[in-house]
Amino acid sequence: MARNGLRADSQNLRGTNENLSERESSSIGSDSEINGFTTEKQTDKYGFIGGAQQHTEESAQDVPPEVVREREVKWLDMLNSWDKWMAKRHKKIKLRCQKGIPPSLRGRAWLYLSGGKVKLEQNHGKFQELDSKPGDPKWLDVIEKDLHRQFPFHEMFVSRGGHGQQDLYRVLKAYTLYRPEEGYCQAQAPIAAVLLMHMPAEEAFWGLVQICEKYLPGYYSAGLEAIQLDGEILFALLRRISTVAYKHLKKHKIDPVLYMTEWFMCAFSRTLPWASVLRVWDMFFCEGVKIIFRVGLVLLKNMLGSSDKLKVCQGLYETMELLRTVEPRYMQEGFLMREIIELQVSERDIEKEHLVQLKRWKETHGELRCKSPPRMHGARAIMIADPPTHKDLLQAPTIIVEPPLEDASSKQKKKGKNKREPPSNPTTETLSPAHPPSPTLQKDTPLQQSNQSLSSSSTEQDTYL
Amino acid sequence: MDFSWNYRFGIIILGDSFVGKSSLLQRYTEGMFDKSRQSPLGIDFKVKHLEFEPGILIKLLLWDTAGQERFKSISRSYMRNSVGCLLVFDLTKRQTFERLRDWYNEVIDYVKPSKMVFILIGHKCDLEEEQEVSKEEAERLAKELGITHYVEASAKDNLNVDSAFESLTMEIYELFHAGRIPIREGWYGLSVGVPVDLYNPDEPKTEKSGCC
């Protein structure tokens with residue numbers, strides 16, 4: 001009921017928002033700040049006003065700032081020589097994704113992991129080209145109507161026609177032009193919106209392309225065959241993970257699409273508390289779709305995995321009611337992450353089951369109508385399939401990190417001569433991921449490799465958490 | 001909240017994208033209108049308890065669906081477990097009216113041989129000046145398809161929303177009692193819960209009362 005009240009309130013506020021945002025056409029900062037929104041409603045650290053996404057506060061784990069700081073340094077180092085890390089120390093990247101990517105670098109890390117960064121570099125100007133085209137009215141009409149329905153309580157998307165909604169429109173429209181045969185699927189909007197919370201429109205576009213084509217190919221295509229097939233795979237995998245849950249769903253003939261469609265199509269972004277969404281996405285970008293399967297299996301196992309729990313849901317509708325509102329304790333960040341990491345479901349398991357289910361599908365439904373590209377299981381597979389040049393992986397702007405103070409001074413003396421970073425060139429990090437760095441900064445940034453930048457003497461510029 | 005229900009009906013709401021299916025459902029089950037709610041992807045459902053005759057409690061399970069064409073292959077899964085269907089079009093978008101016949105045929109085809117009881121809803125009747133479909137025309141279509149009720153409703157202004165859902169419920173109830181809706185094993189469209197004569201709110205008698 002409290003949630004209802006909140007909705008009604010923000011409706012009123014949105015009214016004022018609409019008027020104000022017309023005048024504020026070239027504003028900085030988030031839409032909600034511009035309109036004095038934050039003074040009236042509490043925005044949580046993820047940008048949700050009034051904590052609208054699933055008990056986020058109590059579900060989140062607190063990482064001490066000094067740990068976050070250390071992680072940032074490690075991530076910057078990895079990003080600075082991404083190809084080497086991916087080739088030689090992929091396990092370490094995986095481990096660090098499991099621990100959670102530091103919020104300040106999450107957007108950039110996602111773009112690197114997904115191969116979106118490489119796509120962007122190899123297709124310079126493509127997004128701008130698509131962005132300037134008019135687009136097919138058939139899709140634009142649907143996209144426009146969907147804009148205000150994506151995370152309406154996130155500060156970025158709260159105001160009609162605000163920055164967030166505008167960018168969402170651009171990204172989704174660009175995709176329909178990029179893949180006219182695919183067009184727009186309504187489930188792409190939440191995916192694009194989550195990306196936009198972490199990166200500017202052009203990057204979000206390539207992130208979306210990678211998700212639609214590499215991670216979850218066919219999910220958004222006409223006919224939605226791929227998602228139905230994955231539903232069958234999920235169900236088959238459940239048999240080994242929780243026989244009790246499997247038998248129950250089988251007995252009551254509960255079709256997997258009844259409970260897993262939104263989970264999978266939105267990569268749980270509409271289901272889990274926000275802290276957990278971000279951690280799941282960190283791992284998903286690194287390890288691929290198996291993470292999505294694991295989350296699904298963990299939830300099913302916990303909700304339906306004992307005969308006690310099943311006593312109260314004898315029937316399709318009773319079970320659906322239970323599955324619709326996942327108990328918060330099963331989605332709590334720490335609990336969920338442990339369960340996902342421990343669950344033994346590998347790429348091979350999924351691929352094996354995929355073949356079985358595909359065969360069965362063909363027997364019952366005939367050939368697949370949409371031929372999707374093969375699924376890539378995570379960052380490494382994508383990189384192997386699409387090898388980047390070193391130039392593709394350069395960061396713009398480059399972030400220079402200074403090693404801890406005591407040895408910084410000694411290294412400074414030793415490497416002083418090799419210094420390539422002009423001290424007068426402050427490479428500043430933009431504060432909001434939604435606002436791209438200025439083009440001049442990108443141009444002036446010296447091209448460096450990470451081992452150089454690590455020992456470089458310039459001061460650390462990546463100062464926000 | 002635990003209820004002992006006497007009957008349970010599965011009801012599905014269908015129609016093109018943006019005709020206001022979710023808004024109707026939200027108005028009916030939560031008594032509110034919020035144009036910014038997230039659109040359902042795949043499946044969502046709501047529950048409503050209705051006591052339309054003293055001592056007879058009906059539980060409605062209302063399936064909300066994504067209207068976009070490509071989600072149709074998924075909507076089929078829950079058509080099967082419904083006994084009633086609200087077929088919705090947007091009074092201000094003629095195209096959504098013209099697609100009703102397709103929706104209707106698709107449902108009939110898919111649920112065969114089960115019975116499906118329909119109600120036709122012309123939505124957004126608050127936008128009087130923009131209407132592109134007349135009442136006569138919609139009534140004619142309803143008659144042609146054998147649909148008993150046609151209702152013009154508005155979730156925004158709360159016009160005829162409750163009565164639309166209630167007319168459908170009543171019709172299903174009456175058809176069931178006339179023996180026109182047979183119950184089959186493994187079909188969840190219509191279920192009988194606590195027998196009406198035994199029903200006592202303080203002392204639920206059957207196992208089924210455990211879950212609401």
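Predicted model: local features only at pLDDT ≥ 70, side-chain atom pairs only at ≥ 80, totals over all residues.
**Close-up 1**

**Close-up 2. The start of helix H23 in chain A.** Helix H23 of chain A comprises residues 333–342. At its start, a side-chain oxygen of A:Gln332 comes to within 3.2 Å of the backbone nitrogen of A:Gly334. A:Gly334 is itself buried, as is A:Glu333. Further buried residues of H23(A) are A:Leu336, A:Met337, A:Glu339 and A:Ile340. An α-helix has 3.6 residues a turn, so residues three or four places apart point the same way.

**Close-up 3. A positive surface patch on chain A.** The patch is formed by A:Lys74, A:Arg89, A:Lys92 and A:Lys99. A:Lys92 is located in helix H7 of chain A, which covers residues 90–99. With a relative accessible area of 30%, A:Lys92 is partly exposed.

**Close-up 4. A salt bridge between A:Glu327 and A:Arg329.** Side chains of opposite charge can pair when their charged atoms come close. A:Glu327 and A:Arg329 form such a salt bridge, their closest N and O atoms lying 2.6 Å apart. A:Glu327 counts as partly exposed because its relative accessibility is 35%. Over all chains, a search of the whole structure finds 36 salt bridges.

Close-up 5. B:Glu69 meets B:Lys72 in a salt bridge with an N to O distance of 3.9 Å. B:Lys72 counts as buried, since its relative accessibility is 8%. B:Glu69 also forms a salt bridge with B:Arg99, where the closest N and O atoms are 3.5 Å apart. B:Glu69 lies in the loop between strand E3 (56–65) and helix H2 (72–79) of chain B, whereas B:Arg99 lies in the loop between helix H3 (94–98) and helix H4 (100–111), so this pair ties together parts that are 30 residues apart in sequence. Through shared partners, salt bridges join B:Asp16, B:Glu69, B:Lys72, B:Arg99, B:Asp102 and B:Glu106 into one network.

Conventions
Residues numbered from 1 in each chain as written. Chains lettered and ligands numbered in written order. Heavy atoms only, no water. Patch = residues over 30% accessible without salt bridge, like charges linked within 9 Å, V, L, I, M, F, W, Y side chains within 5 Å. Areas by Shrake-Rupley, 256 points an atom, 1.4 Å probe, with all protein chains shown as cover. Salt bridge = Lys/Arg side-chain N within 4 Å of Asp/Glu carboxyl O. Lys, Arg positive; Asp, Glu negative; His and termini not counted. Charge placed at Lys NZ, Arg CZ, Asp CG, Glu CD. Helix = DSSP H or I, 4+ residues; strand = E, 2+ residues; numbered from the N terminus. Buried < 20%, exposed > 50% of the residue type's maximum accessible area, 1.4 Å probe, protein only. Polar contact = N/O pair within 3.5 Å; in protein donor to acceptor, adjacent residues only side chain to side chain.
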